[in-house]
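Thanks for coming, everyone. I'll keep this brief. Please take a look at the structure first.

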Amino acid sequence: MQNIVLLLACLLAGMVLRAWNKVPADGHLALNAFIIHVALPALILVQIHAIRLDPHLFYAIAMPWLLFMGGAAVFWVIGQWLGLPPTTTGALMLTAGLGNTSFIGLPMIEAFYGKDGMALGILIDQLGTYLVLSTLGITVACICSRGAASLRTVAIRVATFPPLIALAVALALMDVPYPPWVQELLGRLGATLAPLALVSVGMQLRLDALRGNRATLAAGLTFKLIAGPAVLALLYIGLLRLPGEQMRITLFESAMGPQIGGAIVASQYGLNPQLVTLMVGTGTMLAFATLPLWWSVLAAV
């Protein structure tokens with residue numbers, strides 16, 4: 001609960017700093033650059049290093065991939081149908097297709113399922129959500145920001161995306177123990193990600209932007225908080241008949257609000273920043289109401 005209160009406080013702090021003109025209009029850009037190039041890679045290097053892979057966890061790791069690909073397909077169709085600009089379609093793909101499986105997800109798992117479920121949450125987050133962001137997510141951002149990015153440009157941006165490089169290094173060093181000072185340094189840098197990201201979102205969040213984004217915001221949040229998890233539940237429970245607590249935690253993670261990292265990447269690539277910040281800000285707050293409902297539904301399965 002303390003982590004959740006901290007995140008909400010950081011979101012509010014960013015809004016207050018902007019409202020009182022205590023930061024430059026583009027001050028969030030410096031925070032975003034630090035997050036992508038320092039904080040997120042540090043977090044990945046710490047968390048992936050501690051993960052132990054197991055083949056029976058395949059369906060849990062697959063969940064964020066299925067959610068993102070499903071969201072990308074849905075919002076591509078909606079974008080074509082409504083004639084949305086690529087920047088808006090890409091913003092929806094990156095925010096509604098990626099869940100906050102770490103900074104909201106892990107505290108929520110601990111609150112509803114206990115500490116024993118957090119290892120699965122970390123695995124879903126790192127080999128699922130963040131790996132999706134580092135590959136498919138950055139590809140979508142490149143294509144939608146330019147309209148027609150060349151294959152070479154996309155490949156270069158994916159290959160040089162700092163979190164993906166950090167993930168490759170972390171996997172290569174899984175059997176190599178970090179010196180204590182390296183572990184401490186990476187841990188402290190990684191711990192800055194969530195607070196700084198929420199401050200950045202708060203600095204950009206403008207509720208007056210609702211007037212031009214109500215329909216797209218409603219579509220994005222409906223998919224992220226309700227429709228996407230419901231389809232995955234039908235697949236995992238109805239078709240695959242996966243049993244037990246692992247399945248419940250996996251589906252619970254799918255119902256988290258929009259991922260902060262995806263929003264930061266979308267903003268960096270100019271994908272409708274107003275919609276992106278609305279998705280993260282309102283989606284994070286609404287998730288506190290929808291997640292207990294999902295927990296009740298999954299407990300009855």
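At what angle do helix 3 and helix 4 pack, and how far apart are their axes? The angle is about 155 degrees, and the axes are 9 Å apart. Keep in mind that this is a predicted model. An angle over 145 degrees counts as roughly antiparallel. Helix 3 and helix 4 are therefore roughly antiparallel to each other. Their crossing is right-handed.

Who meets whom here? Helix 3 covers residues 58–82. From helix 3 come Phe68, Ala72, Phe75, Trp76 and Gly79. On the helix 4 side they meet Thr89, Leu92, Met93, Leu94 and Ala96. Sort the residues of this contact by type and you get 8 nonpolar, 2 polar and no charged.

Now step back to the whole chain. It has 14 helices and 0 strands. So what about its overall dimensions? The C-alpha trace spans about 45 × 45 × 45 Å along the principal axes. For 301 residues, a compact globule would have a radius of gyration near 19 Å. This chain has 18 Å, so it agrees with that expectation. Buried residues make up 53% of the 301. Next, the contacts with a separation of 6 or more. Of those, 86% are between residues 24 or more positions apart.

Helix 4 runs over 86–96 and helix 5 over 105–113. In the loop between them sits Gly99. Is Gly99 buried or exposed? It is buried: its relative accessible area is 5%, and the cut-off for buried is under 20%. What does Gly99 touch, leaving aside residues up to four places away in sequence? The answer is Thr129, Lys224, Met256, Gly257, Pro258 and Gln259. One more distance: the C-alpha atoms of Gly99 and Pro64 are separated by 7.7 Å. Along the chain, those two residues are 35 apart.

Last stop: helix 5 and its contact with helix 12, residues 244–254. Their axes come within 10 Å and cross at roughly 140 degrees. That makes helix 5 oblique to helix 12. The crossing is right-handed. Helix 5 brings Gly105, Met108, Ile109, Phe112 and Tyr113 to the contact. Helix 12 brings Glu245, Arg248, Ile249, Phe252 and Glu253. By type, this contact has 6 nonpolar residues, 1 polar and 3 charged. Compare the contact of helix 3 with helix 4, where no residue is charged.

That's my tour. Over to you.

Methods. Residues numbered from 1 in each chain as written. Predicted model: local features only at pLDDT ≥ 70, side-chain atom pairs only at ≥ 80, totals over all residues. Heavy atoms only, no water. Helix = DSSP H or I, 4+ residues; strand = E, 2+ residues; numbered from the N terminus. Buried < 20%, exposed > 50% of the residue type's maximum accessible area, 1.4 Å probe, protein only. Contact = heavy atoms within 4.5 Å. Axes fitted to C-alpha atoms, helices over the stretch in contact; angles between N-to-C directions. Parallel < 35°, antiparallel > 145°, perpendicular 65-115°, else oblique. Left-handed = near helix turned anticlockwise from the far one by under 90°. Nonpolar A, V, L, I, M, F, W, Y, C, P; charged D, E, K, R; others polar. Rg over C-alpha atoms; globule rule 2.2 N^0.38 Å.
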